[in-house]
Structure formats: structure tokens, C-alpha cells
Amino acid sequence: MKTTIKAGGAIILSGLLLAGCGGQAKASQTKPSSASQLTLMTKQIKNLYADSKYEMPAKGLSKSMLTKADNQKAKVYKLRGDLSKAQKKIFRVNQEQLIAAKRIFSVQSVLNTQLGKDQILKDEGLEVQKLNTDFAYLQKHKAKFAETIKDKVNLLNSEVKAVALVKSTLSGDSVQDKIDQARDAINAVNVKAFKDKYLPQLDEAIKKLPKDQQAEQAKKQAAAGDPQQAAVAKAAAASSSRAQAAASSQTVTQAAATRSTASTSAPQNQNSNNNGGAASNSNAAAQPSSSKVLGVQFISQEAAGAPMGCEAASALEALHYKGRAAGHNLATFLKTMPIAANGNPYQGFGGTPYAVVNGVYQSIFPSAFTPWVSQVAAGNPVVAWVTLNYQVPQWRHYDWGNGIDNAHVVTVDGYNTGSMHIVDPENGTYWISKSAFNAAYSYTKFAVAIQ
């Protein structure tokens, strides 16, 4: 009985001791301080970079590492009220480095996914605007890293542009200028596998041309490296030689048949040649009205660090051509642009031209000026609202109405029978078919003639 009591007492005592230890352990667990959480975040941010200057990314930079750092940032953010002024500065720098790491990861992911080992664009519908926005940010904040991948970014942009031009060439009527433009863009990529894939696609457009133009284009295709068109060019040349030989033989035979017939034919041939010459002169005289390029100078929105600043860049291109705003470069001109606090593009620019802002329609709408082609003919460049790379619009609803998320603004400074000449602040100068341009312009029909 006594033993039992002792045993019971021991059990009770043991229970009390255990409870006491548990209570002490629990009491010793303090809430993590804001300083310790900030220290942990700083350590995680450092792990995202390979060097102490936060320029180059860590070799193992991954989505999971970014998520982990993002979660830690959220914890520190909740405790931000307990941070000292110096700690808040550290936290702010950490946040900036995390944003940069996310953009590094985003650009790397796009390049690795889209180009792969063969260096050919995998997704022909790729929207490159975000890539260029992120890369512009890296050029400004992570210049050393941006320089190491600059060539790949340029390659991807060149391929996207070339593919868009090929698609434009294949849609609608075939025009030699369109085909030449697409071929030049393909050659500019300078990747054999890319040329092998896209040069032959122009063959279908070439088949729609008149026979004499087909032969000319076949030679250009062959020179560019299209084996199929090399054979076509050879056959066309042989056919042309046979036709010329046959025509020459027939002329000699007819001339030898009778002198009177020959003498009678001479004035007719003379008359025919004169008429032909008159037609040629007439075409030459009509050329200015059917073809015109003003020569507006290109301004790069990316070079100014304004990935969303195509409206201002296009307007300044046109203004400079007219001899106006000479004291402005794009950086200073952007400062004069009205900003809409409510994000309504009918009242001013939404958001900022220097970065992509989610949920905000970053554009500014003008009143439409029509007909804008006649304005170019009169020597007035036109700022026109189209879609990026002339692709199908991506509509989205905003508080102020519906907007196109992949909208873009360019300067129109020329045209010919089948094409428009564009000065594009994103992609430089080029020709685009009227059908492709009109399709992209027709979604909003926004344009401003700079007089």
C-alpha cells in the first residue's frame, strides 16, 4: 500500500515535473523578431545571386527559390512597423533585388523555352512585349547580366518580327515588297535552321505573283538559300532563254519572207515602241502619287527605358520630322505627357511608360484623323494605333471601357501600291502590306496627322 502510494506519488510528481518542463519550454519560445525575419530575408535574397554586387544570377535560380524569398518578404512586411529606419532601408533594397531576380528568371525562362538548342522560335504567337519590358529593366538595373544575354534577346526579337512578316506575306495579296521584306527579316536572323524553316514558306506567296515576277523572286530565294526556288529559278531562266530564241527566230523568218511586209511592219513596231515609252514615262510621272516615303527618323522607346512609351516615341518621331520639339529627346518629352490619375486613356496616359503596371491600360487615345494616307501624301507623318506585330487583338474590359492589351503605336511615313512604310519605335523601319496594316488599324481607327 505504501509502495503504491509512493509509486502513485512518483507518478504524480513525474507528471508535475513533465508539466513543469513543458511549461518552461513553451515559455522560452519567443515570437520571432522583425530583425531576425529581416536577417533571414537578406540571406535568402543573397542566395538568388552569384556575386556580392547582385548583378549575376545564381546558377540554381529557380521558381521555388523566388517563392521562398517572396514568402519571407511577406512575413517581414507584416512586421514592418517594428523595423528601425535603417532596417526599413535594408528591407526596401531587399525588395528591389527580389523584383530584379524575378525579372532575371522571367527573361531566362522565355529564352530557354523559346529558343532551345536549335535557336528557332517555338511559339509563333509569342508576345514579346513583356520580355522586352523585363529586359529593359535589367539593362538599367543589372547591366552586366543584361549584356551577357543581349544577343539572345535580340535574336528572339528578330525571329518574332520575321515570323510576323512571313505571316503577313502569306495573308492577302502577294506583293514583291512584302516578300522582299520578309526575306530580309529571315536573313537578318542568320540562323540556318530558321532560314530552312521559313524561307520555303515564302514560296506560296511567290506562286501568286505574275510569271515575270516569279522568276525574279525565285532568283532572290535561291540566293537567300532556298533550294526549292533555286530549281525554279534555273527552270525559269531556261524557259526564258528558249522563248527569246524562238521569238528571235520567228522575227528573222518573217523579215526574210517579204521586204514589203518588213517595211510595213517597221512603222507599226516603231509606233508600238513609242506607245510603250509613253506608258513608261506616264508611270514614272505617276510614281510620286503612288509611292512616297517621307524619311522620318527612328526613335527607340527601349533605349529610353520606356517599354510602354510607344505613343510618345511615335509622336516625337513625327514632330522632329516637321521641325518641332527639337529641344526634346524622348526622356524629356515623356515628362510633358499628361497622366490620367484614374487610368482612363481618353483623359491621359494610364500608369507609367517606364514599366508594365498590372490592371492598368497603359496608353493614351487621340481623336481619329482620316483619311490618314492623304496626309502622308501631303508630307504629314501620321501616328497610328495598331496591334503589336499586327497580330490579332487581345481585348480586355476596364472601368472606362474595352481596350486592346497588345496595342502598339507607330509612325506611318510612306506608302506604295501595296504597302505602308512604318517607323516603329519598337522594331525600327520596315514595309508592311496595306491589308495587314489596315486590319490592325481598323480595331480602333485611332490616328493623328502631325502637321
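**Ground rules.** I number residues from 1 along each chain as its sequence is written. In this predicted model, local features need pLDDT of at least 70 and side-chain atom pairs pLDDT 80 or more, while totals for chains, interfaces and linings use all residues, and side-chain values use heavy atoms, without hydrogens and water.

**Salt bridges.** I looked for a side-chain nitrogen of Lys or Arg within 4 Å of a carboxyl oxygen of Asp or Glu, and found eleven salt bridges. One joins Arg-103 and Asp-134 at 3.8 Å, N to O. Arg-103 lies in helix α4 and Asp-134 in helix α5, so the pair ties together parts 31 residues apart in sequence. (Helices are DSSP runs of H or I, at least four residues, and strands are runs of E, at least two, numbered from the N terminus.)

I then checked burial (buried is under 20% relative accessible area, exposed over 50%, partly exposed in between; 1.4 Å probe, protein chains only). Arg-103 and Asp-134 are both buried.

Asp-134 also forms a salt bridge with Lys-130, the closest N and O atoms being 2.8 Å apart. Both residues lie in helix α5, four residues apart, about one turn of the helix. Lys-130 is exposed at 51%, whereas Asp-134 is buried at 5%.

Glu-204 and Lys-207 meet at 3.2 Å, N to O. They sit three residues apart in helix α9. Glu-204 is partly exposed at 46%, and Lys-207 is partly exposed at 49%.

I also noted a salt-bridge network linking Asp-180, Arg-183, Glu-216 and Lys-220.
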